[in-house]
Amino acid sequence: MNNTIEQALSDLQDLLGKGQFLEAMDKYLDDNVVLQEANNEPKIGKETAVIAEKELLATVTEFIGYDMKNIAVAGDTSYYEAIMEFKTNDGQHHRFEQVNRTQWKDGKIINERYYHA
């Protein structure tokens with residue numbers, strides 16, 4: 001199982017590094033995924049998550065980068081540090097540093113939480 005997760009993470013690293021967030025979501029999110037940003041209400045279901053992502057991406061005027069490092073896998077769970085940077089149409093420059101905790105089942109993400117300051 002770990003090898004499959006590590007291969008998926010390598011592919012995700014490539015997709016996200018190119019700003020291909022919707023492609024990554026389509027490929028790796030389970031239909032019943034639960035995604036939670038910090039202490040916000042979780043997004044339940046792939047369709048809900050994709051709609052929210054499309055709304056965010058519609059505001060992005062410049063994608064600067066997404067970098068994954070310190071990747072670890074234990075059982076069906078992976079962890080990594082991420083730095084995401086982009087500019088939005090309101091002139092803001094955003095830089096997020098976070099840790100992602102992901103639970104996998106059959107090569108798909110079933111639960112993911114993002115921890116950041």
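The largest nonpolar core has 24 residues, and L12, L16, Y66 and W104 touch the most other members. A nonpolar core here is a set of buried Ala, Val, Leu, Ile, Met, Phe, Trp, Tyr and Cys residues joined through side-chain atoms within 4.5 Å, and buried means under 20% relative accessible area (1.4 Å probe, protein chains only). Two or more residues each come from α1 (2-17), α2, β1, α3, β3, β4 and β6. The top giver is α1, with 6 residues. In soluble globular proteins, nonpolar side chains tend to be buried together.

This is a predicted model, so to speak of local features pLDDT must be at least 70, side-chain atom pairs count only at pLDDT 80 or more, and totals for chains, interfaces and linings use all residues. Residues are numbered from 1 along each chain as its sequence is written, and side-chain values use heavy atoms, with hydrogens and water left out.

Now find Y66. Leaving aside neighbours within four places in sequence, Y66 is in contact (heavy atoms within 4.5 Å) with residues including L16, F21, Y80 and N100.

Strands are DSSP E runs of at least two residues, helices H or I runs of at least four, numbered from the N terminus; two strands pair if DSSP finds at least two bridges between them.

How values were computed
Buried < 20%, exposed > 50% of the residue type's maximum accessible area, 1.4 Å probe, protein only.
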